[in-house]
Amino acid sequence: MILYYLDVTYMVTYMETQLHLSLSTALAINTISIVAMCMAMPLFGYMSDIYGRKRMHIIGYLILLSCTIPLVIGMQTDSVYIIAIMVISMAVLTAMIQGVSTPYYTEIFPPRVRATGCSIGFGFGASLSGFAPMFAAITMGYMSAATGLCVLLLIVGVIGLIIAIIIPSEQVETRRLNCLNSEA
């Protein structure tokens with residue numbers, strides 16, 4: 001969720017204050033990136049149905065870690081089109097992780113406690129993630145904006161990768177495959 005808040009909520013401020021785009025341009029790019037995210041998320045969720053949640057989750061975080069610095073550096077230009085491509089690419093990466101995370105986290109819980117477990121986990125995550133723009137502003141007060149954004153995204157990527165690796169997947173995969181088999 002922190003990745004989502006950084007990419008969607010904070011990115012408008014970043015484009016306006018650090019990349020010196022007008023608010024209307026930053027909002028237009030943000031809108032396009034959200035549309036791209038909405039279109040890509042179900043695709044990545046479907047891919048996780050085929051290739052497995054854990055594998056896709058780990059791949060998503062590895063791609064995030066390998067692409068963060070080039071994407072943020074690519075934003076540091078005067079070209080609105082290049083900035084848009086970088087922001088949209090970051091949104092698609094977020095969609096890859098979120099598209100896998102949502103069903104994955106749901107399947108972690110057995111059906112009888114799924115609603116409670118998911119709502120508590122989601123609520124706790126949302127309450128912490130809402131501070132992401134504030135952390136971004138604080139971090140960028142201590143270092144350059146591009147470096148601060150890279151550091152935050154890399155921290156999120158490393159934490160996410162560690163969690164993706166340690167989440168027990170055997171029960172999740174069994175539940176997912178049982179659900180697919182019962183539908184067939």
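This is a predicted model: local features need pLDDT of at least 70, side-chain atom pairs count only at pLDDT 80 or more; totals for chains, interfaces and linings use all residues.
Residues are numbered from 1 along each chain as its sequence is written, and side-chain values use heavy atoms, with hydrogens and water left out.

**Salt bridges**

Let us start with the charged side chains. The structure holds two salt bridges, a salt bridge being a side-chain nitrogen of Lys or Arg within 4 Å of a carboxyl oxygen of Asp or Glu. Here they are:

| Salt bridge | Closest N and O atoms |
|---|---|
| Asp49 and Arg53 | 2.7 Å |
| Arg53 and Glu107 | 2.9 Å |

Helices here are DSSP runs (H or I, at least four residues), numbered from the N terminus. Together, Asp49, Arg53 and Glu107 are linked in a network of salt bridges. How accessible are its members? Buried means under 20% relative accessible area, exposed over 50% and partly exposed in between, with a 1.4 Å probe and protein chains only. Arg53 is buried at 4%, and Glu107 is buried too, at 13%. Asp49 is partly exposed, with a relative accessible area of 27%.

**Aromatic pairs**

Searching the whole structure gives three aromatic pairs. Rings of Phe, Tyr and Trp (its six-membered ring) pair if their centres lie within 6.5 Å; planes under 30 degrees apart count as stacked, over 60 as edge-to-face and the rest as tilted. One of the pairs joins Tyr10 and Tyr14, whose ring centres are 6.4 Å apart with planes at 50 degrees, so the pair is tilted. These two tyrosines are four residues apart in helix H1, which means that about one helical turn separates them. Both Tyr10 and Tyr14 are buried. Phe131 and Phe135 form another tilted pair, with 6.5 Å from centre to centre and 45 degrees between the planes. Phe131 is partly exposed at 42% relative accessible area, and Phe135 is partly exposed at 43%.

**Nonpolar core**

A nonpolar core is a set of buried Ala, Val, Leu, Ile, Met, Phe, Trp, Tyr and Cys residues joined through side-chain atoms within 4.5 Å. The largest one has 34 residues, and Leu6, Tyr14 and Met15 have the most contacts inside it. At least two residues each come from H1, helix H2 (23–51), H3, H4, H6 and H7. H7 supplies the largest share of this core, eight residues.

**Largest pocket**

Finally, there is the largest pocket, with a volume of about 880 Å³. On a 1 Å grid over the protein atoms alone, a pocket is an open set of points where a 1.4 Å probe fits, with protein on both sides within 12 Å along at least five of seven lines; lining residues have an atom within 4 Å of a point. Its volume is the space filled by probe spheres set on the points, which are joined across faces, edges and corners. The lining of the largest pocket has 28 residues, and Met1, Ile2, Tyr105, Gly125 and Ser129 lie nearest the centre. H5 gives the most to this lining, with eight residues.
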